[in-house]
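Below is what I looked up, in the order I went through it.

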Amino acid sequence: MTDQYAVIGNPVAHSKSPRIHTLFARQTQQDMHYSTLLAPLDQFQTAVRDFFVQEQGKGLNVTVPFKQEAWQLCNEHSDYALHSGAVNTLLYRDDGSIWGANTDGLGLVRDLQQNHAIALHDKKILVLGAGGAVRGVLQPILEQYPQQVFIANRTTARAHELVTLFGQFDVLDGGGYGDIPKTGFDIIINGTSASLQGDLPPVPAHCVVDAECCYDMMYSSESASTAFVQWALSHHVPRALDGLGMLVEQAAESFFIWRGVRPETHTVLSVLRAREPQI
Ligand code: ATR
């Protein structure tokens, strides 16, 4: 029987994951089917169990708003998931236990470093936002030995919480937008959900003067670039990138966890880009 996979979320109909994993499966000749699974907001755990037990599901991707609930459901976690408190990949094991991973951070780092040749080592990095999305990517960023990582958030206490949580990395600091050091940054990563409403986080223009890259973890499904990418372009930042590459790279890592085969991502990204705005 064909192995079943899905992305679970609410809403989830807009997800690009079925297309990405179907392309991966075709490319690597894996006998699998990948669909969307809409879970009622108060029925996440039941929906996961039903998928694994009744539908013979082998794995799930988890998207908004269930990543933290997914973390609680797991019997075991990958190292990145353990520290981030959020899970985007579930593996159903033969003994009925659930293993959870977070591949978002690896996806971001691979997209920056491998697809765009932007090294994080020794760089000054400004991260905007301190919600679940940022929590999920901090460790892989910090493991690249940047010179400095500053987390700026509207609610200052949440930035401080993350600094404490990842306290073993002494290059990490954080605060409100008014606390951002005036020394300039090489890379600015937008991990706020402001783009979803077409908003911009209130990042001061002095941050961007020397920046080589602005990266929006969100991507646009419309024909226009995200508000943050447009902001970066208007400040003449050499590389203004959205998160479509991160989406494909995190998917490739999930696929590898499930199938033990690493798909090639460039052609899949090209297929998606053909339907997306060019940046
Ligand atoms: P996610 O899982 O997508 O990260 P979240 O945990 O709700 O969702 O976090 C959303 C992040 O975007 C937070 O950092 C939020 O700032 P607050 O912690 O102050 O709420 C940030 N955010 C959302 N809308 C924003 C806006 N218009 N301007 C600045 N930051 C915004």
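Predicted model: local features only at pLDDT ≥ 70, side-chain atom pairs only at ≥ 80, totals over all residues.

**Entry 1: burial and overall build**

Of the 279 residues of the chain, 56% count as buried. Next I looked at the secondary structure and found 11 helices and 12 strands. The radius of gyration came out at 18 Å, close to the 19 Å from the globule rule for 279 residues, so the chain is as compact as a globular protein of that length. I also boxed the C-alpha atoms along the principal axes, and they fill roughly 60 × 40 × 30 Å.

**Entry 2: contacts, surface and charge**

How much of the contact set joins residues 24 or more positions apart? I got 69% of the contacts with a separation of 6 or more. For the accessible surface I noted about 12,400 Å², with 49% of that belonging to carbon and sulfur atoms. I then counted charged side chains and found 19 positive and 29 negative, with the centres of the two sets 4 Å apart.

**Entry 3: the six-stranded sheet**

I traced an open sheet of 6 strands with mixed pairing, in the order S2-S1-S3-S5-S6-S4. Its edge strands are S2 (32-38) and S4 (76-77), each pairing on one side only. I checked two of the pairings by hand. S1 and S2 run parallel and share 7 bridges, and I found Asp-3 opposite Met-32 in S2. S5 (residues 89-92) and S6 (residues 98-101) are antiparallel, joined by 4 bridges. There, Thr-89 has Ala-101 of S6 as its bridge partner.

**Entry 4: a closer look at S1**

Is strand S1 (residues 3-9) enclosed or open? I found 7 of its 7 residues buried, so S1 is largely enclosed by the rest of the structure. In a regular strand the side chains alternate between the two faces of the sheet, which is a handy reason to check each side separately. On one side of S1 I listed Asp-3, Tyr-5, Val-7 and Gly-9, and on the other Gln-4, Ala-6 and Ile-8; all are buried, and both faces are covered.

**Entry 5: Gln-139**

My last stop was Gln-139, which sits in helix H7 (residues 138-142). Why does Gln-139 count as buried? Its relative accessible area is 7%, and the cut-off for buried is under 20%. I then asked which residues Gln-139 touches, leaving aside its neighbours within four places in sequence. My list for Gln-139 reads Asp-79, Tyr-80, His-83, Phe-166 and Phe-169.

Key:
Residues numbered from 1 in each chain as written. Heavy atoms only, no water. Helix = DSSP H or I, 4+ residues; strand = E, 2+ residues; numbered from the N terminus. Rg over C-alpha atoms; globule rule 2.2 N^0.38 Å. Buried < 20%, exposed > 50% of the residue type's maximum accessible area, 1.4 Å probe, protein only. Contact = heavy atoms within 4.5 Å. Areas by Shrake-Rupley, 256 points an atom, 1.4 Å probe, with all protein chains shown as cover. Lys, Arg positive; Asp, Glu negative; His and termini not counted. Charge placed at Lys NZ, Arg CZ, Asp CG, Glu CD. Pairing = 2+ DSSP bridges.
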